[in-house]
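This briefing is meant for a reader who is meeting the structure for the first time. Please look over the sequence and the model before reading on.

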Amino acid sequence: MKSIQTFQVFPDIPEPLSFIETLSRNLWWSWNQNAIELFRRINPRVWEVSGRNPIVFATLIPQERFEELANDDSYLAHLNHVRRRFENRVLNQVDSESPWDQQELIAYFSMEFGIHETLPLFAGGLGILAGDHLKAASGMKIPLVGVGLLYREGYFRQYLDKDGWQQEAYPETDLYHLPLSKQKDRKGNDLVIHLTGIGRDIHAQVWKIRIGRIPLILLDTNLPDNPPEIRDITARLYSGEQHIRLAQEVLLGIGGLRALEALNMHPTVCHLNEGHCTFVGIERLRQVMEQQDISLDMAREVVPRTTVFTTHTPVAAGHDEFPPSMVKPYLEPFVEPFKMTADQLVAMGQADGAAPESPFSMFILGLRTAQYINGVSKLHGQVARHMWSHIWPTRSDDETPITHVTNGVHIPSVLAPEIKLLFERHLGPQWNMGSTIPENADRIDDVFDEELWQAHEMCRSRLIRTVRELMYRQYSRRNAPLNIMRAVESVMDQDTLTIAFARRFATYKRAHLLFQDPDRLEAIINSKDRPVQFVFAGKAHPKDNEGKGIIRSLVDFGRRTNLRHRFIFLEDYDMHIARFLVQGADVWLNTPRRPMEACGTSGMKAALNGVLNMSILDGWWCEGYSPERGWRIGNGEEYNDHNYQDTVESQALYNIIENEVAPLYYDRPHGGTPTEWLKMMKASMKMAMAHFCSLRMISEYEERFYLPASRRFEELVAKGGAEAQELSAQHHRYLEKWHKIQLSAPQRSHKGPFRVNQAFEVTTVVQTGDLKPEELNVELYYGKMRHLDRIDDPRVKMMHVKEIRSPGVYLYGCELPCSDSGRYGFTVRVTPNADAWIRFRPELLTWA
């Protein structure tokens with residue numbers, strides 16, 4: 001059929017209810033319980049049928065119902081209460097205490113954003129974290145804009161065949177069911193950005209969606225002007241085809257920044273959420289050169305100092321790499337403005353000294369264009385420093401310039417309604433500000449045990465009811481016999497200890513750890529006095545047959561006649577199912593192979609709801625664990641023999657459930673509440689609110705990265721980029737002259753041995769070449785020796801010129817204090833006396 005013209009009909013909302021339309025167009029409603037209830041009370045059943053999507057929901061409501069509500073004083077009072085809160089928290093732009101100036105802007109790039117299940121632009125934890133980042137930025141009034149891609153099929157929907165093998169479906173999203181708005185150019189036409197592709201140019205429509213105060217800009221290549229291969233770029237999240245994956249990352253980085261430029265948004269800071277986004281660095285160099293009228297060398301001093309790069313992947317193989325021949329066509333448009341060859345541009349994503357045919361690494365590109373680099377937990381920061389230390393081969397792992405900001409979760413998005421009511425009563429109206437008000441966590445102790453337990457039991461009841469509904473749908477789709485359909489309607493028991501395991505079924509997450517001894521597990525589940533029931537959910541990557549095999553073995557185990565009611569796998573895990581699990585389970589189980597879990601925010605969400613964590617000491621749990629808050633499986637050991645590790649840790653897991661978790665849960669003095677369990681629930685909730693709240697996370701990014709970087713941008717581009725020019729000259733001077741620096745072996749004034757509180761002098765002769773002493777830091781590097789040739793936990797002390805031996809030759813010295821007993825080592829080195837970006841250049845470090 002040709003010449004089809006489309007139009008859309010919306011409900012005729014009466015004027016007293018007009019705010020409903022405003023609210024439905026901003027996803028702020030999705031984390032505000034009163035706003036959700038405003039929709040739900042119109043028709044609770046239809047609200048669920050609509051998939052909790054206000055735009056779809058409104059089309060399913062008869063006009064008569066709207067007319068009725070327009071004259072309902074109770075409903076209008078509710079609506080006006082939500083409207084006032086929306087205006088105060090979203091529309092009110094006045095904030096006299098804000099540290100931000102009007103021209104400052106942070107652009108946050110991510111391949112996925114998990115805001116709500118109605119916006120299917122996410123696959124897992126990285127996307128949910130990105131969504132929480134935007135929500136927290138809205139709550140803290142940080143001037144931030146999100147940038148991503150608009151996938152018409154998103155991530156796959158999961159269902160299992162009759163044998164328990166995962167199948168995937170990719171239903172197309174109806175964009176008109178989302179609160180999207182097409183962006184326009186200055187002439188009022190649809191805003192479309194253009195960039196060079198392979199063979200054909202890429203055209204992408206620019207859309208916007210509001211997340212509270214924060215705009216989220218999305219790019220869409222599904223345009224009639226694009227050929228099918230270009231339209232497919234934004235078809236599916238994380239395409240398995242390498243050339244499409246590369247095109248997605250080019251579109252996100254280069255295209256995303258061009259979309260902001262077309263919208264007259266000029267970020268002073270760019271934040272790259274994982275290596276998928278790092279083409280931003282190349283496009284930003286071009287834009288800074290053009291907008292500030294400065295040279296490439298000057299722009300290369302500005303861009304890294306104003307870029308934040310967050311990595312989530314603790315496995316080297318998980319970082320994207322592409323053949324240089326595949327990358328070059330996308331970089332060729334930068335050859336002329338940069339006055340560089342295509343090979344030189346490709347080298348920005350290759351390790352120093354690598355062969356020209358070496359893979360182009362998105363992570364290395366990020367390292368070359370960002371000064372602020374961080375992992376997402378303390379342990380992950382250590383893992384990342386070790387994993388990438390080869391980029392700085394002359395430094396120890398501890399000095400690799402990668403830090404960490406531990407993730408946090410957005411409290412209002414994950415907290416159960418019953419817990420919210422308790423918090424409003426006992427913590428006050430600002431409970432949703434979490435970690436920004438320290439006394440919030442302390443007041444959790446004021447919640448009565450009976451109230452907390454009653455709230456938790458209601459959450460568990462809702463989980464069980466939801467599990468039964470979902471199981472009924474699963475088996476209906478498979479045309480299960482009548483006796484099975486009746487059986488699934490009564491799965492799980494309200495009074496049984498409930499353990500949940502829900503996450504991506506990657507092999508390193510080890511869902512199979514629970515099945516190392518099936519007979520013992522079966523005995524635990526069917527214990528006469530202390531029974532246990534399990535709920536599992538999660539997806540395996542479409543190409544991960546090993547992960548799919550784990551799901552099938554789990555389903556097979558749960559089909560045993562005596563386990564059917566207490567061992568459940570839920571299909572198509574998403575944010576909606578996740579909420580029921582983190583709110584209604586008793587224990588949250590996590591069994592990754594340490595140290596491969598970067599963070600694991602689902603455990604934080606469970607803890608906020610009083611669900612106790614039982615986990616390997618990996619990711620965030622290394623920071624969150626203490627015996628009064630939950631359980632650790634093992635003591636943080638790392639094994640080379642994985643089979644042995646699985647055997648040891650599975651036995652530890654069974655022992656914890658049998659000897660600690662179940663006895664504590666079923667200990668009900670005088671038939672009342674589980675007193676000791678409730679103490680642990682409160683301790684867990686306090687810990688999560690105080691230390692693992694997204695407001696704490698976003699405040700840390702703001703104070704450590706965003707504000708310093710944004711101020712540096714203004715300083716570096718002021719006066720025609722005068723300071724950037726000085727830094728460029730300084731940088732080049734170091735690179736040209738550094739090779740002439742030489743140090744003699746350090747000498748000490750006494751041979752020793754020494755006693756605690758004694759000291760001795762260390763000296764070295766330094767040949768500075770053409771550099772001056774004031775341009776250099778000569779450092780004494782010392783610490784305890786636990787290995788033959790390595791100093792652990794090193795300390796650095798500045799050395800000073802003692803005498804001038806001859807032109808360019810100086811004697812440096814300082815005292816080395818003996819503060820503690822033990823075996824120590826020391827040496828000396830020279831680094832640039834410059835800021836962090838120059839000081840940590842790999843080639844600018846000379847050891848004795």
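The notes below go through domains, cysteines, aromatic rings, a sheet and a helix.

This is a predicted model, in which local features need pLDDT of at least 70 and side-chain atom pairs count only at pLDDT 80 or more, while totals for chains, interfaces and linings use all residues. Residues are numbered from 1 along each chain as its sequence is written, and side-chain values use heavy atoms, with hydrogens and water left out.

**Domains**

- The chain is divided into domain 1 (15–91), domain 2 (106–155 + 167–324 + 363–407 + 702–720), domain 3 (444–692) and domain 4 (739–847), with bounds that come from an automatic or database domain assignment.
- Taken over C-alpha atoms, the centres of domain 1 and domain 3 are separated by 35 Å.

**Cysteines**

- With a disulfide defined as a pair of cysteine sulfur atoms within 2.5 Å, the count comes to zero disulfides.
- Cys277 is in no disulfide, and the nearest cysteine sulfur, that of Cys270, is 10 Å away.
- Cys277 has 0% relative accessibility and therefore counts as buried, a term that means under 20% relative accessible area, whereas exposed means over 50% and partly exposed lies in between (1.4 Å probe, protein chains only).
- Cys693 is likewise in no disulfide, its nearest cysteine sulfur being that of Cys599, 13 Å away, and Cys693 counts as buried because its relative accessibility is 1%.

**Aromatic rings and charges**

- Rings of Phe, Tyr and Trp (its six-membered ring) pair if their centres lie within 6.5 Å, and planes under 30 degrees apart count as stacked, over 60 as edge-to-face and the rest as tilted; a search of the whole structure finds 39 aromatic pairs.
- One of these pairs is formed by Trp28 and Phe86, which are edge-to-face at 5.3 Å centre to centre, with 75° between the planes.
- This pair links distant parts of the chain, 58 residues apart, since Trp28 is in the loop between helix H1 (19–24) and helix H2 (33–40) and Phe86 is in helix H6 (residues 73–91); helices (H or I, at least four residues) and strands (E, at least two) are DSSP runs, numbered from the N terminus.
- Both Trp28 and Phe86 are buried.
- Trp47 and Phe57 have ring centres 5.2 Å apart and planes at 90°, so this pair is edge-to-face.
- Trp47 counts as buried because its relative accessibility is 2%, and Phe57 counts as buried because its relative accessibility is 2%.
- A cluster linked by ring pairs contains Phe501, Phe505, Phe515, Phe534, Phe536, Phe557, Phe567 and Phe569.
- The charged end of Arg236 sits over the ring of Tyr170, 3.5 Å from its centre, where sitting over a ring requires NZ of Lys or CZ of Arg within 6 Å of the ring centre and within 35 degrees of the ring normal.

**An open sheet**

- Four strands form an open sheet in the order S25-S24-S28-S29, with antiparallel pairing; two strands pair if DSSP finds at least two bridges between them.
- Strand S25 (790–798) and strand S29 (846–847) stand at the edges with a single partner strand each, so one side of each is left without a neighbour in the sheet.
- Strand S24 (residues 776–787) and strand S28 (residues 824–832) run antiparallel and are joined by nine bridges, and the bridge partner of Leu780 in S28 is Val828.

**Helix H16**

- Helix H16 (residues 378–387) is mostly covered, with seven of its 10 residues buried.
- The buried residues of H16 are Leu379, His380, Gly381, Val383, Ala384, Arg385 and Met387.
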